[in-house]
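Please look at the sequence and the structure before reading on.

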Amino acid sequence: EGRSEMAALVRDLDEFNYPYSLLTAQEAAELEPNVRVDGVDRGILYAPIERWADGDLLSAALVKQAVEYGASLASPVSVREVVTSGSQVTGVATSDGFLPAGNVVVAAGTACVGLLAPLGYQLPLGRVVGILGVVSAPAGTVSRVLYPGRYHVRPTSDGRVAIGCRDMDFMVDEDTDASSPPSWMNQLLEMASPDCPALSGSQFEELRVGARPMPADGMPIVGPVPGVQGAYVATMHSGVSLAAIVGQTVAEEITSGNVSPVLEHYRPDRRFSESYTP
Ligand SMILES: Cc1cc2nc3c(=O)[nH]c(=O)nc-3n(C[C@H](O)[C@H](O)[C@H](O)COP(=O)(O)OP(=O)(O)OC[C@H]3O[C@@H](n4cnc5c(N)ncnc54)[C@H](O)[C@@H]3O)c2cc1C
């Protein structure tokens, strides 16, 4: 990060009482021996509680746990519409038939928009396409998420390394063919190799392209859908980091009927006056 970005980050972390420390180059080198930090004299920001999660593994683990607690899983199945009688939800029409339900939580990422529109609710949610490049790497090249500059780098769950760079997201759209990574993907490796010399012999193996569900003001949208009894929406960017806490809070709110103060600022009926640019 540049000095001003770093100073802004430190201010934000202080404001939220988020634990972090500023490491010397030598301390950072002990944590990540394969990353070149010599010459970095302004301190390296380290947030010890931060982790990364594989979205597929995390969602599979959460589903497994829910089933163990007594939930029924219908998969693979596609929801065609949320069915109502008057202004009350009665269930969902699926590729596998009708499933009756008095409460339906629409948590379908960018597809929430299309599922909620027939209920008369225009969800203020956009799609922000992004990339991740996955490269071969010697074992233990990096062991945590690192932001050495314009890009981020982290290990993957299968022993490779993933590199992402927001400045390069505009190079793709949702129709980009991810099965044959374009040559410009090598720029990611060229960016990372000077900081991480272990990557100098690496090859590009996979391009991942996805669309982030991005609320108009950048904040999660979680709560009852205005005007439709029993319909509930839960969508956000950073939905991997927030999945467990949002899932737990929403489940408690719906089953107990007690309104959660944690979700107060994220309700669908708030004013979306701010315009967020990711
Ligand atoms: C480039 C990129 C970077 C990201 N970085 C981060 C990050 O740093 N931190 C983070 O926490 N998150 C990150 N995310 C994740 C992200 O932005 C979302 O917040 C997250 O994926 C939302 O999870 P979700 O389960 O709500 O929606 P999704 O992950 O979109 O999952 C929705 C699911 O609903 C299913 N579905 C859709 N329509 C229907 C239907 N009609 N019937 C049945 N099923 C349906 C879909 O198949 C899908 O399985 C990133 C995403 C991208 C693309």
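Which polar backbone atom is 2.6 Å from an oxygen atom of the ligand? It belongs to Met 236; a polar contact here is a pair of N or O atoms within 3.5 Å, and within protein one must be able to donate a hydrogen and the other to accept it, while residues adjacent in sequence count only if both atoms are side-chain atoms. The model is predicted, so local features need pLDDT of at least 70 and side-chain atom pairs count only at pLDDT 80 or more, while totals for chains, interfaces and linings use all residues. Residues are numbered from 1 along each chain as its sequence is written, and side-chain values use heavy atoms, with hydrogens and water left out.

**Ligand contacts**

- Ser 241 also has a polar backbone atom at 2.8 Å from an oxygen atom of the ligand.
- For Ser 238, a backbone N or O atom lies 3.2 Å from an oxygen atom of the ligand.
- Of the 990 Å² of accessible area that the ligand has on its own, the protein covers 57% (Shrake-Rupley method with a 1.4 Å probe; for residues, only the protein chains shown count as cover).

**The shell around the ligand**

- The ligand is surrounded by 17 residues, and the closest are Val 79, Met 236, His 237, Gly 239 and Ser 241; a residue is near a molecule or strand if one of its heavy atoms lies within 4 Å of it.
- Eight residues of the shell are nonpolar, eight are polar and one is charged. Ala, Val, Leu, Ile, Met, Phe, Trp, Tyr, Cys and Pro count as nonpolar, Asp, Glu, Lys and Arg as charged, and the others, Gly among them, as polar.
- Strand E10 (204-215) and helix H6 (239-256) each give at least two residues to the shell, and E10 has the largest share, with four. Helices (H or I, at least four residues) and strands (E, at least two) are DSSP runs numbered from the N terminus.
- The ligand lies between domain 2 and domain 3, because both give residues to its shell.

**Overall layout**

- The chain is assigned domain 1 (1-50), domain 2 (55-124 + 216-266) and domain 3 (125-213), with bounds from an automatic or database domain assignment.
- The C-alpha centres of domain 1 and domain 2 are 37 Å apart.
- The chain contains six helices and twelve strands, and its C-alpha trace spans about 65 × 45 × 40 Å along the principal axes.
- Of the 278 residues in the chain, 33% are buried. Buried means under 20% relative accessible area, exposed over 50%, and partly exposed in between (1.4 Å probe, protein chains only).

**Loops and backbone geometry**

- Ser 238 sits in the loop between strand E12 (231-235) and H6. Its phi is positive, about 60°, although Ser 238 is not a glycine, and at 37% relative accessibility the residue is partly exposed.
- Asn 17, in the loop between helix H1 (3-15) and strand E1 (21-23), has a positive phi of about 50° and is not a glycine either. Asn 17 is exposed at 71% relative accessible area.
- Ser 75 and Pro 76 are joined by a cis peptide bond, with omega about 0°. Pro 76 is in the loop between helix H3 (55-68) and strand E3 (79-85).
- Ser 193 is in the loop between helix H5 (186-192) and E10. Its side chain reaches the backbone oxygen of Leu 189 at 2.7 Å, and Ser 193 is buried at 16% relative accessibility.

**Cysteines**

- The count of disulfides, pairs of cysteine sulfur atoms within 2.5 Å, is zero.
- Cys 165 is in no disulfide, and the nearest cysteine sulfur, that of Cys 196, is 16 Å away.
- Cys 165 is buried at 3% relative accessible area, and Cys 112 is buried at 0% relative accessibility.
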